[in-house]
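Student: I would like to learn how to read the features of a structure that I have not seen before. Could you take me through one, step by step?

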Amino acid sequence: MQNVTLRARWSTAPMISSSAGSPAQSRYAGVAKGKQEFLARLLALDDDFEYRRFIPVEIIDGGDKVAAQVEIHMTSRTTGEEFVMRTADFWTLRDGKIIEMVEYYDTALAASVI
């Protein structure tokens, strides 16, 4: 598959981002309301993991709804363990800008490599 650069245009309206699962089971799970909370969540992930490669496996464009399966090659900053995680991401757009993102991933895998 070719390398793909994805650029997102975020809405200036409040957006919601959620990672499936219970925050009691994974500190990455839960809802981030607004771009600042979303950015804080991304920075927390970056504290724990080095993201080496993103490979879009499949992208389904439904207009204002987009789904993507992504293979992420990562390294745990704590253990040095390298692993591959697949995520399922669902985006909602309004006027061509992102207003919501929901992500599903293997929380047990993430917890096992920290």
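Predicted model: local features only at pLDDT ≥ 70, side-chain atom pairs only at ≥ 80, totals over all residues.

Student: Which parts of the chain does the salt bridge between Asp46 and Arg77 link?

Tutor: The side chains of Asp46 and Arg77 meet with 3.3 Å from N to O, and the pair links distant parts of the chain, since Asp46 belongs to helix 1 while Arg77 sits in the loop between strand 4 and strand 5, 31 residues apart. Asp46 is partly exposed at 36% relative accessibility, and Arg77, at 45%, is partly exposed as well.

Student: What does Glu82 pair with, and where do the two residues lie?

Tutor: Glu82 forms a salt bridge with Arg52, with 3.8 Å between the closest N and O atoms. Glu82 is in strand 5 and Arg52 in strand 3 (residues 49-61), so this pair ties together parts that are 30 residues apart in sequence. Glu82 counts as exposed because its relative accessibility is 56%, whereas Arg52, with a relative accessible area of 34%, is partly exposed.

Student: Turning to nonpolar residues, which of them make up the largest nonpolar core?

Tutor: As a general idea, nonpolar side chains in soluble globular proteins tend to be buried together. Here the largest nonpolar core has eleven residues, namely Leu45, Phe49, Ala68, Val70, Ile72, Met74, Phe83, Met85, Tyr105, Ala110 and Val113. Strand 4 (65-76) and strand 5 (82-94) are the elements that give two or more residues to this core, and the largest share, four residues, comes from strand 4. Leaving aside neighbours within four places in sequence, Val70 is in contact with Phe54, Ile55, Val57, Met85, Arg86, Thr87 and Asp89.

Student: What does the side chain of Ser76 reach?

Tutor: Ser76 has its place in strand 4, and it counts as buried because its relative accessibility is 1%. Its side chain reaches the backbone nitrogen of Thr79 at 3.2 Å. Apart from neighbours within four places in sequence, Ser76 is in contact with Asp48, Phe49, Glu81, Phe83, Val113 and Ile114.

Student: Where does Ile114 lie, and what separates its C-alpha atom from that of Arg77?

Tutor: Ile114 lies in the segment after helix 2 (107-112), and with a relative accessible area of 40% it is partly exposed. Although Ile114 and Arg77 are 37 residues apart along the chain, their C-alpha atoms are separated by 7.7 Å. Arg77 is also the residue that meets Asp46 in a salt bridge.

Definitions and conventions:
Residues numbered from 1 in each chain as written. Heavy atoms only, no water. Core = buried A, V, L, I, M, F, W, Y, C linked by side-chain atoms within 4.5 Å. Buried < 20%, exposed > 50% of the residue type's maximum accessible area, 1.4 Å probe, protein only. Contact = heavy atoms within 4.5 Å. Polar contact = N/O pair within 3.5 Å; in protein donor to acceptor, adjacent residues only side chain to side chain. Salt bridge = Lys/Arg side-chain N within 4 Å of Asp/Glu carboxyl O.
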